[in-house]
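Good morning, colleagues. Please take a moment to look at the sequence and the model on the screen before I go through them.

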Amino acid sequence: MSMIEFHDVEKYYGKFHALKDINLTIDRGEVVTIIGPSGSGKSTLLRTINGLERISDGKLIVNNFDLADKKTNMNRIRKNVGMVFQHFNLYANKDVLDNITIGPELVLKRNKTEVEKEAMDLLDMVGLADKAHNYPAQLSGGQKQRVAIARSLAMQPRAILFDEPTSALDPEMIGDVLDVMQQIAKQGMTMVVVTHEMGFARKVGNRIVFMADGQILEDAHDVNAFFDNPQEPRAKEFLSKIINH
Amino acid sequence: MITIITEHWGELLSGLGYTLGSSVIALIGSLVIGTVFALMEISTYKWVRGIGRTYVEIIRNIPLLVITMGFYVIVPTFFVKIDGFTAGTIGLMIYTSAFIAETIRAGIEAVSTGQMEGARSVGLTYSQAMIHIILPQAVKMVIPPLGNQFINLVKNSSVLAFVAGFDLMYQGKIIASTTFNTFDTYLAVGVFYLIITMPLSYLMRYLEKKWVTA
């Protein structure tokens, strides 16, 4: 069953054409990695999925909600679709535990003690149970990102979007974050990941989308075949540039 | 000065009470009104922004005394009868709210957009995100300029003297006109103002240390 459907989606910022004729259907449980040069529209594409950016034309269905329809309540989509940002965006005025519980408490109106117990389990899963009462400023980048993932999971979403989750991290922190993401993928979560981590794309992803200039140039279900033998010249060029370093 | 204070202890103390009362009411009121107008100034709706901007620009560019006189004269003439204390306190509240709106708006704009996106991405509404995430951070950031506004507010409350508001300055005027000891009287009045403003100043510094550097 499909979780996310793009039909002829266009996105403009003024005159700038950010997304061109996007057609993409993502099924439940799929782990899709989106790669491509910077400025190719990867993040914009991701941000349209939970309504942080509105599409200009076409049709976008997420979890059976029509995002092009102005009457659609975006908060109902965001309840079901989590997001992890490049710069974490943890709430600076809340400790780690509150960062995780505020969503379930305010949005899902759930019981505080119950939510806190689940939050502690999630922190345990990401290996940060001892940091529950620290503030974001006291954490390293890798720790912040793992908290951000736990925050997203606490809403029990149907899908999670990752916008370059490891790009702002020190190299030695990246592994911990990718491990957590791999764990979530194994549990069957639908994931859309914009990343430059080709290892992750190859090992964890079961589909790869290559974008350039606001277009989807390649959409491969066979990830290994894509890396070994990309069809598009632009994809070939992109891969040769990043893999030879 | 000591004789003035001992002989007119009652009047000065009563004046201190009125000054303090007016300041506390105006402070709370202007903080609430100022926050509302700050939020209007950053609204996504153009007309709401327009109203916010117009309010701030008009109010902060009129002298406090004129605003206060306006309330003292216009409101009783056309609406309800209010005394000098009420008119003065409302004038002070409205006047200060424009400055507080500007201060808080600057604070909100200094909080990174990522905080709002992070909050919206878990499904919080705009107002939930504002109340729980953005405003607490914005207010902390503007504690030093907010402290200036509060201290100015206490000192500006001396405007009540012009509308018979029974405040410190008003009592000082009466004492000076009966004793003819102008110098000592206003010296005493100054000391009584310091009794309010100095602790307030230290409180704001304490909060600044505790919150801003945290």
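Predicted model: local features only at pLDDT ≥ 70, side-chain atom pairs only at ≥ 80, totals over all residues.

Residues are numbered from 1 along each chain as its sequence is written, chains are lettered from A and ligands numbered from 1 in the order in which they are written, and side-chain values use heavy atoms, with hydrogens and water left out.

The strand pair comes next. Strand β4 of chain A, residues 57–62, runs antiparallel to β5(A) and is joined to it by two bridges. Strands here are DSSP runs of E with at least two residues, helices are runs of H or I with at least four residues, and both are numbered from the N terminus. Two strands count as paired if DSSP finds at least two bridges between them.

I turn to chain B. This chain has 10 helices and zero strands, and its C-alpha atoms fill a box of roughly 70 × 45 × 20 Å along the principal axes. An unreviewed UniProt entry places the feature "domain: ABC transmembrane type-1" at residues 16–204 of chain B; such positions are given in the numbering used here, feature names are shortened, and annotations may be inferred rather than shown by experiment. Over residues 16–204 the chain is 83% helix and 0% strand, with the end C-alpha atoms 21 Å apart. The UniProt annotation "transmembrane region", also from an unreviewed entry, covers several stretches of chain B, including residues 20–40 and 61–79. Residues 20–40 of chain B are 100% helix, and their end C-alpha atoms lie 30 Å apart. For residues 61–79 of chain B, the helix content is 79% and the end-to-end C-alpha distance is 25 Å.

How do the two chains meet? The contact, meaning heavy atoms within 4.5 Å, takes 21 residues from chain A and 16 residues from chain B. The area buried between them, that is, the accessible area (1.4 Å probe) lost on being put together and summed over both, is about 1,600 Å², and carbon and sulfur atoms give 54% of this area.

Which residues form the salt bridge between Glu117(B) and its partner in chain A? Glu117(B) pairs with Arg47(A), the closest N and O atoms being 2.5 Å apart. A salt bridge requires a side-chain nitrogen of Lys or Arg within 4 Å of a carboxyl oxygen of Asp or Glu, and the count between chain A and chain B is one. Glu117(B) lies in helix α6 of chain B, residues 113–121. Not counting residues up to four places away in sequence, Glu117(B) touches Arg47(A), Leu52(A), Phe85(A) and Asn89(A).

Finally, the structure holds 21 salt bridges over all chains. One of these joins Asp213(A) to Arg234(A), with the closest N and O atoms 2.9 Å apart. Asp213(A) lies in the loop between β9 (207–212) and β10 (215–220) of chain A and Arg234(A) lies in helix α9 (residues 233–243) of chain A, so the pair ties together parts that are 21 residues apart in sequence.

How values were computed: Buried area = accessible area lost by both parts, 1.4 Å probe.
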